[in-house]
Amino acid sequence: MAESAPQLDLLRHFELRLLRCTLPPPSPPPPPPPPPQSSPYIDDLHRLIDGIISAIEAGRYVEALSSESVRAVLGVNLVESVEEAELGEEIERIVEEYLVGGGDDVSGRAVLVMSIAVAALLAFVQCNVTGPIVELPTFPLLTKGGMGCEAWAREQLMSAGAELLGKFSYLQYIVFAKIMLMKTKDVLFGRNGVDGVRSISWWLVRLLLLQQRILNERSSSLFDLLQVSIAESLHHFGDMERVASYWRSQLHTEEALNIVSLLQLEAGLVDYAFGRVVSARQHIESAEVAAGIKLLVSGALGVRTVHQLVPKAQRVLVANRSSLNGLSAGSLVSTSLRADATIVEENNFGTDETSDVLRVPRFSEEAVYDPNKESTGDDYAAAVSLKPTQQAVVAAQCLLIEKSTAQDELQRWDMAPYIEAIDSQKSSPFIIRCFSDILRIRWESTRGRTKQRALLMMGKLVEDLFHPKPEVLRRIHFCFGVHIPAVPALRKEHGELLVRNGLIGEALKIFEDLELWDNLIYCYRLLEKKSAAVELIKTRLSEVPNDPRLWCSLGDVTNDDACYEKALAVSNNRSVRAKRSLARSAYNRGDYETSKLLWESAMALNSLYPDGWFAMGAAALKARDMEKALDSFTRAVQLDPESGEAWNNIACLHMVKKRSKEAVIAFKEALKFKRNSWQMWENYGRMAADVGNFAQAMEAMQMVLDLSKNRRVDLELMEIFVIEMERRASFQVSSSSTTDGLDCNGQTCSGYEAPAPRETKQLMETLGKIFQLIIRSNPEGDVWGLYARWHRMKGDLTMCSEALLKQVRSYQGSELWKDADRFKKFARASLDLCKVYMEISSSTGSLRELLAAEMHLRNTIRQAEIFSDTEEFKALEVSLDDVRSRRLANSEARA
């Protein structure tokens, strides 16, 4: 039986209360809702839901998981006789029995199960993301377990095909929440869909994205699940109309916009996590619109250091005030930008004893927004009081900059206006402030004048995770809408910062505590204590012999394949890292077929690893499996479109298969990222000429000459250029004398498109420039011959004869009369030279050229008697007779 309208409204009210736990509190606070007992539609089930949500709202997650609500679902105690390997299946069975076997109110029961899962999820978030870190029970209602339960949860999370970032605590909480949410969603879909409990898809998105964030690389299985869940969430809550129609009068002022903005931000974070920059940008822009703010970076005069006297141009974030909803004029004044020492000290916007660089630039008085002046609609973001949702949008813009720009110093300066805009706010949610501090630490740790401050800030940030203040209720807001790193990831970053500052001893303690064995090995190598790393790993293995990560780390430091094989054995053939290491080892020893098979097995477990596809393609290429290599490199560029090496390999494979058009497309992509490779430009030029794009082919030849300092000349390609220009020149000559060869569409009778005269002229000029570059540094004989043909097309027979004469002289030498091939080249060049001499004589009537031709042929024939049986020698004799007859005829005419 379907729920009545009042009951459905009540269930949706429960959903909204759960979502509000992660939303910023409204300002001013709304009046408290009426107690549940005042509603005649609340039964025992609704009271259980109200009780657990009330505990969640108060931040008492352990109390919520130990409440009567959980016992109503799971029973008094989760079966103790169940083995750890079957624990997940047992939880699924219990949840399904509770949902389908307890009456018609399936949606109400689903809300209760979802509330339990949310409590477990937020408990995990508190201890592993936001803090304050507290001690939690192994798991409520799980009397079995301890370390065994933790190992089971770790195995469940790593089944996604990636390892954990570090040592996390209470992993069973997130696994328990995932099992309950996914099973509840499956049951709802099996009946009437999730229409009655639409927010379950959103909570599942948050959980799956959090799981991805605690893994050390992207997981293909999580990507597939996230795509389904985020699409459902956007369908239900992607715009304000749908949010308003779902919750109607239960929403506070602007709460619908906050919900839409937060969902769009989280959708952008999903795409960001998997490298989909374009889609992430679209979602973040949608969040910006929903938040009522328009951002752009401008400039203003200001000072950035304490001792700076003359204001200089500074980049500043500008917010469009016409879109800021509900901002009063007074709230737009930024006292932090004025030269007021009290305010600066209070808000920590200025400097400190570790650096004279201001955290936020002080702009000149003219640059400070004044509410009494007429507004133009645009104000500095630092000079307006941004709402929490708007600050989250500002923070998300930094992620787009990070993904869409090069990893260099300029990238951090591109982020600076956004970081400073958040730092300038008088109040910010705890998570957004922490994220801003992390971005600042990454930026300032690369600068000599601020690296000490960055190190101290990072230490303070880590300490705050264990400090009881602020309480979890203030920390949990926006924890899913900001890309805040998990606690182990943050501590790892702290350790790496310590290493860069030479504090290796302190970093060792952090890495050992987090069980980051690879980082630990690196530190011991810096200390030249490799043996100590081996002993530490072996000691740990004696305590935890079934940890595949330890076996892989031991294999890395000892270069022993047996360690990787042991890792596969203890992981039931599920260790992706072990398979990758064995594949690399097989490739290095030349066993390419085995390497290819191992890479196939590894990529089947996790396909979102671009380096793996590239390595698999390289192994397949060595094993002569061209189709597999092409498929692997294609998958690599799908995941990493900026991999120039992969694009080049794709192009080369197409070139081998005579697929010129596909090769040209691939080379174009490769050259976007590998512009300094003359080999790549040379191959691109050949393929471009092959498809008839001679303009790009000549451009490629110019790049080859520039990169090789005119030392690399592809004579075959140059000859192709000359032949094409000769074809075009002959076509223009024939078309100028008659138009019978063209149809009304400018096509030849054979179907070929007539070359444009203007294009041909440009190509001729470009080809001439290429020849000029070549003959200055690499004047080989064949080059002079091609250059002569170019002059002939230009109609300059004098320069043509000079080029041919230089070609002839380049072949001369003591080796000429001993090398038959060289003599043939010399003879052909001599014949071409004499033909040009005869043409010049015919046009000018001069005897000088005929005499020079006759003398050259006579001397050549006299010296080349050893080659008298060749066709070239006979052609020289015929040419000599022709020159003599022309000379005699010319002499008689003169007489």
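Author: Let's start with the words for exposure: a residue is buried under 20% relative accessible area, exposed over 50%, and partly exposed in between, using a 1.4 Å probe and counting protein chains only. This is a predicted model, in which local features need pLDDT of at least 70 and side-chain atom pairs count only at pLDDT 80 or more, while totals for chains, interfaces and linings use all residues. Residues are numbered from 1 along each chain as its sequence is written, and side-chain values use heavy atoms, leaving out hydrogens and water.

Now to your question. The search of the whole structure finds 56 salt bridges, each being a side-chain nitrogen of Lys or Arg within 4 Å of a carboxyl oxygen of Asp or Glu. Side chains of opposite charge can pair when their charged atoms come close.

One of these pairs is Glu 669 with Lys 672, whose closest N and O atoms are 3.1 Å apart. Both residues belong to helix H31 (residues 660-673), where they sit three residues apart, about one turn of the helix. Helices here are DSSP runs of H or I with at least four residues, strands are runs of E with at least two, and both are numbered from the N terminus. Glu 669 counts as partly exposed because its relative accessibility is 23%, and Lys 672 counts as exposed because its relative accessible area is 52%. Elsewhere, salt bridges that share partners tie Arg 359, Asp 423, Arg 433, Asp 437, Arg 440, Glu 444 and Arg 453 into one network.

Glu 506 and Lys 509 make another pair, with N to O at 3.8 Å. They are separated by about one helical turn because they lie three residues apart in helix H21 (residues 504-514). At 44% relative accessibility, Glu 506 is partly exposed, whereas Lys 509, at 56%, is exposed.

Strand S3 leads us to its neighbours. Strand S3 (residues 357-363) pairs with S1 in the antiparallel sense over three bridges, where pairing requires that DSSP finds at least two bridges between two strands. In that pairing, Val 303 stands opposite Arg 362 in S3. S1 (residues 295-305) also runs antiparallel to strand S2 (residues 312-320), and eight bridges join them. Gly 299 faces Arg 315 of S2, and the two strands form a hairpin with six residues between them.

A word on confidence in this region. Over residues 322-349, pLDDT (the predictor's confidence in each residue, from 0 to 100) stays under 50, although the model has 62 contacts beyond four places in sequence for them; a contact means heavy atoms within 4.5 Å. Helix H14 (residues 341-347) has the lowest confidence in the protein chain, at a mean of 31, while helix H9 (residues 199-213) has the highest, at 96. Where pLDDT is low, the predicted coordinates should not be read in detail. For the protein chain, the mean pLDDT is 84, and 86% of the residues reach 70 or more.

Of its 895 residues, 53% are buried. Among contacts with a separation of 6 or more, 66% join residues 24 or more positions apart.

Asn 128, in helix H6 (residues 106-130), counts as buried because its relative accessibility is 2%. Leaving aside residues up to four places away in sequence, Asn 128 touches Phe 168, Ser 169, Ala 486, Val 487 and Pro 488. Ser 69, in helix H4 (residues 68-74), is buried at 3% relative accessibility. With the sequence exclusion of up to four places, Ser 69 touches Leu 48, Ile 52, Leu 112 and Ile 116.
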